[in-house]
Amino acid sequence: MDTDLVVRAQHGDKEAYAFLATEIADRFLAVARRILRDIDLAEDATQQALLAIWRDLPQLRDPARFDAWSYRLLVRACYAEGRKERRWAPNLRLLPADEPTAADSFDSVADRDQLESGFRRLSIDHRAVVVLHHYLDLPLERVAELLGVPVGTAHSRLHYAMRGLRAALDADARSTAREVAQ
Amino acid sequence: MSTDRDTTRIVRSWLKSDQHESADRVLDSVLDQLDTTPQRRAWWPARRLPGMNQAMRIALASAAVVVVALIGITLFRGPGIGSDPIAPTPSPSAAPSPVALPGAGTLLLPGSYLIGDPFPVHVTVDLGENWGVWGSVAPDVAAVYQETPDVPDGRGFIVVLVDNLYSDPCDQASGLMDPPLGPTVDDLASALANQPSTDASEPIDVTIDGYSGKYLEYTMTGITEECPGGLVRWPSSQGPRQALDGEHDQVWILDVERVRLVIDAFSFRGTPAAAMTELRQIVESMQIEPGT
């Protein structure tokens, strides 16, 4: 990220902020959508994060850390929206199931369903680690920095989350095997 | 049964399947709201410039030495030759009298510095290598740091007057405590120790330069979980005092002739133990006087 832009935005330059926001907005929405599994919540989280970035930019101590700091705000916004999810879950418009594509490497459509339900059972803490590590390809040290937790905590959250997702996939496999046997 | 590798492959493929959503609508809405969304002033009135590395630090320190030399020449010209007397500037050898703490962003040479007017308590402090001014002296706060004020290994201290705390430290918009925090040292020590995400020691009696008060330490953990919007402790003229996950604070709260002075020495998980010891020694050897 261009630190000159960050510094200008810190001093209230709206044009500089608009450049920054344009550069990160799509990526933020993609990350929020994957954490929250709901496009409405993801848009709200992205909007809250982008506004928080503008509002709190003067308090960013080191402009070179903008990327880490801004992702932290996004994850916080996802936490806040995640709380709404619990409160308003019955009224949510959920994402439609993704259509398989030719390039799809899923073993089965059922995997998607199992992953979706397994992922939704995870806390936002665990989802965030999975998305930052497996979607953004960030090393766990960086994930820990973004989330403001020790590296060991990031490791254990990833381990726990992946164990849960694996269990979800295995449950589907067992169910399929039973159906075949019958 | 799937293996770990299968699970990772399937999860990565699932997350990366092509589902591009444009954030244009969100972006338009955000940009429309900028005019009605004021920026929050920084707790620190100035930040270090990006890219201030060791080379720049050395260059600035060298420049300061040149300034010291020039000032020395001016002073040694004797009375009547130069203009008004210039306050001694810190030099690599100990300065004979404390120098008023300069403005934010200034790197300091080792020496004795005075945090004075407009701050209502005068605090003289001896600083060693690699210190800088983080927050200029204001009527209620001033701050210095060593090496860096940031995670993972920064350290420094803040002298501040704390009149009240946020009623909900997780929500700055909640406003201040009402009724407000009591005026005593004990009131503040107890309130700080009980804030969320704060693993605090029991406040104990302490004395610095003849002024008594309370000392406590706390470490911030789980802020992200407990306060997704961040944790703020108290307001100041320079913005709210934010707490960071993993931050460790050694806090002295002193009664300086009915002025409640707070000295907040902060460090992080990666701060070397020797630096934390030095930090504590610096605070404990402070010279404190009521302001005029």
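User: What makes β9(B) and β10(B) a hairpin, and which residue in the turn has a positive phi?

Analyst: This is a predicted model, where local features need pLDDT of at least 70, side-chain atom pairs count only at pLDDT 80 or more, and totals for chains, interfaces and linings use all residues. Residues are numbered from 1 along each chain as written, chains are lettered from A and ligands numbered from 1 in written order, and side-chain values use heavy atoms, without hydrogens or water. β9(B) and β10(B) form the hairpin with 2 residues between them. Asp209(B) in the turn has a positive phi of about 50°.

User: How do you know that β9(B) and β10(B) pair?

Analyst: Pairing takes at least two DSSP bridges between two strands. Strands are DSSP runs of E, at least two residues long. Here 5 bridges join β9 (residues 204-208) to β10 (residues 211-220) of chain B, so they pair. The two run antiparallel. Ile204(B) stands opposite Tyr215(B).

User: Why is α2(A) called oblique to α6(A)?

Analyst: The two helices pack at an angle of about 135°, with axes 9 Å apart. Under 35 degrees is roughly parallel, over 145 roughly antiparallel, 65 to 115 roughly perpendicular, and the rest oblique. Therefore α2(A) is oblique to α6(A).

User: Which residues of α2(A) meet α6(A)?

Analyst: Among them are Ala30(A), Val31(A) and Ile35(A). Their partners in α6(A) include Val131(A) and Leu132(A). Contact means heavy atoms within 4.5 Å.

User: What does Leu57(A) touch?

Analyst: Its contacts include Tyr17(A), Phe66(A), Trp69(A) and Gln39(B), not counting residues up to four places away in sequence.

Key: Helix = DSSP H or I, 4+ residues; strand = E, 2+ residues; numbered from the N terminus. Axes fitted to C-alpha atoms, helices over the stretch in contact; angles between N-to-C directions.
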